[in-house]
Amino acid sequence: MLLGFHLTGTTLLICYVLLSYASEHEKRKGIINQSLSKNADGAISVMRNDAKADDGKPGAVARRRKVKKAGSRRTNDTRCTRLGGICQPNRFVCQGRYLTDKCSGPKTQLCCMPVGAWSVLCAGHYNSRVRSCDMHGCGTFNSRGGLNRTVDLVCADYAAISASFSGSLAGPVSQKDAAGFQYDGVKLVNDEHCVKIFNIRPYRYTGKVSVGEPMGYVLPLQEHFAGITSHLKLQMCDGTDPSPFI
């Protein structure tokens with residue numbers, strides 16, 4: 001009888017433990033289901049708690065750091081490249097001449113243009129010949145006598161003058177020498193060059209012209225300067241030497 005009572009008590013104890021375990025299991029299951037049923041705001045709250053654990057600041061939200069995309073600076077050098085030049089810092093050697101305002105970037109970035117000879121201006125000549133020295137001066141760039149910063153090209157009186165490059169006629173020009181004699185002419189320009197041509201009578205002062213197209217004729221100088229070599233005068237608009245182009 002005692003043995004039966006002992007077995008009964010043991011059985012009851014085992015049943016109580018199993019029932020307690022089952023109850024605890026159901027309780028935990030209910031908590032998990034409640035957590036899973038939380039809405040989006042609850043999820044955001046969890047994220048904020050995680051952020052708090054990371055940086056120690058209450059309510060701190062982890063922010064995504066913006067990263068700049070690496071990329072080269074866009075440039076627009078087409079005004080130089082379409083002329084056949086290349087943009088480079090002016091500290092570099094240019095086997096030609098530099099043009100301004102053709103390159104993007106800092107002012108030290110200039111357009112290096114290779115030297116290319118212009119077409120012959122004076123009709124009947126196979127090349128452009130610089131006037132040598134005579135009793136009235138010399139024809140090389142910036143020499144004594146005549147106009148400053150010009151080059152004199154030999155050309156007979158009333159000889160026809162042709163455009164040395166394609167461009168536009170940009171109006172009449174005139175300039176006096178040290179003795180007060182006035183030289184008249186016309187300005188010829190394009191994207192690369194700007195030149196004033198003196199001691200000629202243009203057929204017109206405006207409009208487009210093509211290389212080799214007649215522009216006018218040379219004015220005589222003999223009646224003002226006896227014994228002088230007949231010529232026309234070239235002057236770059238920026239005052240540089242036009243010799244490399246002739």
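Biologist: How far apart are the sulfur atoms of Cys87 and Cys103?

Modeller: This is a predicted model, in which local features need pLDDT of at least 70 and side-chain atom pairs count only at pLDDT 80 or more, while totals for chains, interfaces and linings use all residues. Residues are numbered from 1 along each chain as its sequence is written, and side-chain values use heavy atoms, with hydrogens and water left out. A disulfide here is a pair of cysteine sulfur atoms within 2.5 Å, and Cys87 and Cys103 form one with a sulfur separation of 2.0 Å.

Biologist: Is the link of Cys87 and Cys103 right-handed or left-handed, and where does each partner sit?

Modeller: The angle about the S-S bond of Cys87 and Cys103 is -95 degrees, which makes the link left-handed. The pair joins distant parts of the chain, 16 residues apart, with Cys87 in strand β1 (residues 86-89) and Cys103 in the loop between β2 (96-99) and β3; helices (H or I, at least four residues) and strands (E, at least two) are DSSP runs numbered from the N terminus.

Biologist: Why does the disulfide of Cys80 and Cys111 count as right-handed, and which elements hold the two cysteines?

Modeller: The sulfur atoms of Cys80 and Cys111 are 2.1 Å apart, and the torsion about their S-S bond is about 80 degrees, so this disulfide is right-handed. The pair ties together parts 31 residues apart in sequence, because Cys80 lies in helix α3 (residues 78-81) and Cys111 in strand β3 (residues 109-114).

Biologist: Are Cys122 and Cys155 buried or exposed?

Modeller: Cys122 and Cys155 form a disulfide with sulfur atoms 1.8 Å apart, and the link is right-handed at 80 degrees about the S-S bond. Buried means under 20% relative accessible area, exposed over 50% and partly exposed in between (1.4 Å probe, protein chains only). With 7% for Cys122 and 1% for Cys155, each of the two cysteines counts as buried.

Biologist: How many disulfides are there, and what is the pairing of the bonded cysteines in sequence order?

Modeller: The distance rule gives a count of six disulfides. Numbered in sequence order, the bonded cysteines of the protein pair as 1-5, 2-4, 3-6, 7-10, 8-9, 11-12.

Biologist: Which residues line the largest cavity?

Modeller: A cavity is a set of points, on a 1 Å grid over the protein atoms alone, where a 1.4 Å probe fits but cannot get out, and lining residues have an atom within 4 Å of a point. The lining consists of Leu121, Cys122, His125, Asn127, Ser128, Arg129, Leu153 and Val154.

Note on methods
1 Å grid on protein atoms, 1.4 Å probe; cavity = no way out; pocket = protein on both sides within 12 Å on 5 of 7 lines; lining within 4 Å.
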